[in-house]
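Here is a short briefing to read with the model beside you.

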Amino acid sequence: MRKIAVLTSGGDAPGMNAAIRSAVRKAIYENIEVYIVSHGFNGLIHNNIKRADLGDVGDIIHRGGTALYSARSEEFKTLAGRQKAADNLKALGIEGLIVIGGDGSYAGADKLQELGINTVGVPATIDNDIFGTDVTIGYDTALNTIVDMIDRIRDTATSHERTFIIEVMGRDSGELALNAGLAAGAETIFIPERNTKMSDVAERIQAGLDRGKKHSLIVVAEGVMSAEYCSTELAKYIKIETRISVLGHIQRGGKPSAGDRVLGSRLGAYAVELLLLGRSGVGAGVSRNELTATEFSYVHVQNKQYDNSIYQLSKELSI
Ligand code: F6P
């Protein structure tokens with residue numbers, strides 16, 4: 001393989017830039033011609049493909065977001081759009097494509113394979129919901145951002161002796177909510193993977209109040225319900241003063257943590273190695289600190305398991 005391209009797609013995640021930089025520089029190190037595509041799959045369709053040099057990825061490793069921009073492409077969902085994308089790559093002699101993104105981006109990469117382009121996925125999403133890797137790029141930074149925000153909320157919650165309901169991202173996954181809840185010392189965590197009864201939550205809050213607790217923190221994953229709905233439901237069981245806080249896209253921004261930079265650097269380079277080994281249709285990942293490659297067909301059908309022991313522990317610690 002002599003020519004490859006790199007793009008980012010879907011929701012941006014801190015550490016994507018480290019992965020872009022690593023893929024581009026590793027390719028150049030291996031004497032491969034490398035191209036960068038801006039605006040994700042849309043960019044492929046509209047030929048936003050440019051030959052990259054070392055300097056094109058300089059001074060980005062410490063920045064949040066993605067220097068290549070991202071998009072959720074409607075056109076790419078059509079066969080005509082994908083054909084155009086594949087034709088544009090082939091016209092430049094590009095045989096391999098590295099797609100840095102989440103599960104939707106992997107699905108797009110998988111489809112491109114059918115049109116003769118070798119594709120490798122690099123898992124980057126704050127949701128940490130991709131099967132085949134212990135952790136995704138962006139998760140660590142987002143988790144730390146959330147915990148930092150909850151710490152701030154805790155200060156004001158204590159001062160006013162209030163209950164706060166904090167809604168966090170994660171789409172259908174409870175990973176962010178679960179681990180942020182544990183790290184921030186939340187009394188209750190709602191995650192899509194588990195059913196938590198509102199009456200039990202109210203009982204726990206009441207027990208806390210009875211023994212003089214100054215505040216209560218509830219973390220709710222967006223995949224379960226909105227903070228607003230949670231507040232309305234809770235009010236049916238207990239009369240307390242509550243406030244809600246929806247953290248929103250703050251969770252996706254910001255300087256990537258060292259962990260995300262290391263992960264992005266490892267996986268970006270590994271994706272190049274996989275293409276050079278003739279692999280296609282796989283997602284790169286890290287499992288028990290070993291680099292791994294998992295077939296897209298497997299990634300699509302498997303659900304990443306959440307760690308019930310963490311849920312249990314957070315319950316035990318927030319009595
Ligand atoms: O998948 C990443 C993510 O941030 C989810 O946690 C969230 O549900 C979604 O993207 C938000 O997407 P958008 O930026 O399109 O609003």
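The ligand sits in the largest pocket. A pocket is an open set of points, on a 1 Å grid over the protein atoms alone, where a 1.4 Å probe fits, with protein on both sides within 12 Å along at least five of seven lines; a molecule sits in one if more than half of its atoms lie within 2 Å of its grid points. This is a predicted model, in which local features need pLDDT of at least 70 and side-chain atom pairs count only at pLDDT 80 or more, while totals for chains, interfaces and linings use all residues. Residues are numbered from 1 along each chain as its sequence is written, and side-chain values use heavy atoms, leaving out hydrogens and water.

**Around the ligand**
- The shell has 2 nonpolar, 3 polar (Gly counts here) and 5 charged residues (Asp, Glu, Lys or Arg).
- Among the residues around the ligand (a heavy atom within 4 Å) are Ile 126, Met 169, Glu 222 and His 249.

**Polar contacts (N or O pairs within 3.5 Å)**
- An N or O atom in the Asp 127 side chain lies 2.7 Å from a ligand oxygen.
- For the side chain of Arg 72, that distance to a ligand oxygen is 3.0 Å.
- For the side chain of Arg 171, it is 3.4 Å.
- On its own the ligand exposes 400 Å², and the protein buries 74% of that (Shrake-Rupley method, 1.4 Å probe).

**Two domains**
- An automatic or database assignment divides the chain into domain 1 (3-138 + 256-301) and domain 2 (140-253).
- Their contact (heavy atoms within 4.5 Å) takes 13 residues from domain 1 and 12 residues from domain 2.
- Each domain gives at least three residues to the shell around the ligand.

Methods:
Polar contact = N/O pair within 3.5 Å; in protein donor to acceptor, adjacent residues only side chain to side chain. 1 Å grid on protein atoms, 1.4 Å probe; cavity = no way out; pocket = protein on both sides within 12 Å on 5 of 7 lines; lining within 4 Å.
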